[in-house]
Amino acid sequence: FSGQLMQHILKRRLKSQQIDVTRRFLKQHNISTSLSARVQRQVLGRMHDESRLTVKDVPTFSLLSAPLQHELLREIRLPHLLSHDIFRVWSSMDDHDVVIVCIEAVDNHFVMANEELFAPKSSATAAHYVISGHLEYTIHPRLCRAMLTDEVKEQVWSEVWVTEAALWVIWQHEGKMESVSSCQLLRVDAARLAAVMERCGPAAFVVKQYAVNYHRRLVMAVPPHAEYPNDLVVPYTMVSSLLSFHVSLAIFEQALLTGTLKMTEVQARAMRKEISNQVCFVNQAEGGRLERILGIAVLRVQQLSAPAFFLAQVGELVQGSVTVARVLLPASK
């Protein structure tokens with residue numbers, strides 16, 4: 001007990017000395033009162049904050065055998081990596097490749113409250129997945145491509161991918177990302193991911209095809225056809241719209257072969273026809289279940305000014321020439 005008490009006393013004394021050095025530095029350099037207060041407040045807050053540990057913070061892990069280290073990293077990182085559709089598709093075709101990505105191209109990253117994750121116009125070198133925490137994304141009118149008149153702020157919570165574009169294109173951040181609370185992030189390094197993909201098997205070609213199509217959609221994302229892309233959203237880049245129907249067909253056949261999906265031969269033929277005609281896309285969702293994605297066209301009619309009018313059907317054209325009276329109000333069938 002006396003040893004623990006002494007250790008606690010020494011730890012508090014060290015913190016007190018560090019705080020004293022900080023205050024002396026700020027005073028000697030004539031730092032303004034407001035900035036000095038902010039610096040001291042953040043230093044005190046972070047000295048008392050118990051930071052989450054990463055693998056690099058635990059030296060004893062270096063004593064583990066390589067296979068056991070890899071198994072540990074796989075369990076920590078893979079579930080979060082597979083939250084993205086493209087890594088899930090890749091894993092369904094070659095799970096060994098994605099385990100290599102986990103080990104060589106992915107890190108766990110922790111940020112404390114009020115830290116800047118990235119700044120506008122800085123080069124993006126990685127994508128981030130928010131495992132937990134709360135961040136704020138700010139786009140300033142003078143520092144982005146979008147024609148904004150006012151500053152735009154968006155709240156970013158857990159289970160969101162940020163700056164995916166950095167993995168597939170040369171990307172500069174459009175806005176600023178700051179942590180509101182302590183956050184746990186998964187970081188996928190773009191250069192290391194590219195190096196892994198060069199060594200991987202045929203399944204990595206599917207990811208390269210996705211990257212090429214992603215780049216095409218990004219450069220085409222300009223008004224009036226789409227909103228300008230930013231660090232949170234690149235329009236029309238759903239995996240189902242960027243991959244060949246052959247990928248979808250392979251996922252479907254694999255599910256039939258392994259027994260994950262059960263259907264009659266008639267149903268299977270109908271599904272193959274839908275996939276080949278690009279009516280739908282079959283993807284592997286989280287948990288290993290399959291999802292069937294259909295494209296739909298939506299027309300939105302919005303009234304922007306008073307007086308309040310609404311559209312109503314008053315008749316139908318029969319055989320393209322005969323008008324038949326049939327009144328339908330909005331939201332009725």
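This is a predicted model: local features need pLDDT of at least 70, side-chain atom pairs count only at pLDDT 80 or more; totals for chains, interfaces and linings use all residues.
Let me begin with Gly 45, which at 41% relative accessibility counts as partly exposed, a class that lies between buried, under 20% relative accessible area, and exposed, over 50%, with a 1.4 Å probe and protein chains only. Gly 45 sits in helix H2, residues 33-47, where helices are DSSP runs of H or I with at least four residues, strands are runs of E with at least two, and both are numbered from the N terminus. The C-alpha atoms of Gly 45 and Ala 113 lie 9.2 Å apart, although 68 residues separate the two along the chain.

Residues are numbered from 1 along each chain as its sequence is written, and side-chain values use heavy atoms, with hydrogens and water left out.

Turning to helix H11, residues 265-276, which residues are buried there? They are Ala 268, Met 271 and Ile 275, and, seen down the axis of H11, these buried residues fall within an arc of 65°, taken from the directions from the helix axis to the C-beta atoms, so they line one face of the helix. The face turned away from that buried side carries the exposed residues Val 266 and Lys 273. The buried residues of H11 pack against helix H10 (245-258), strand S9 (280-284) and strand S10 (290-294), contact meaning heavy atoms within 4.5 Å. Just after H11, Gln 278 takes a positive phi of about 60°.
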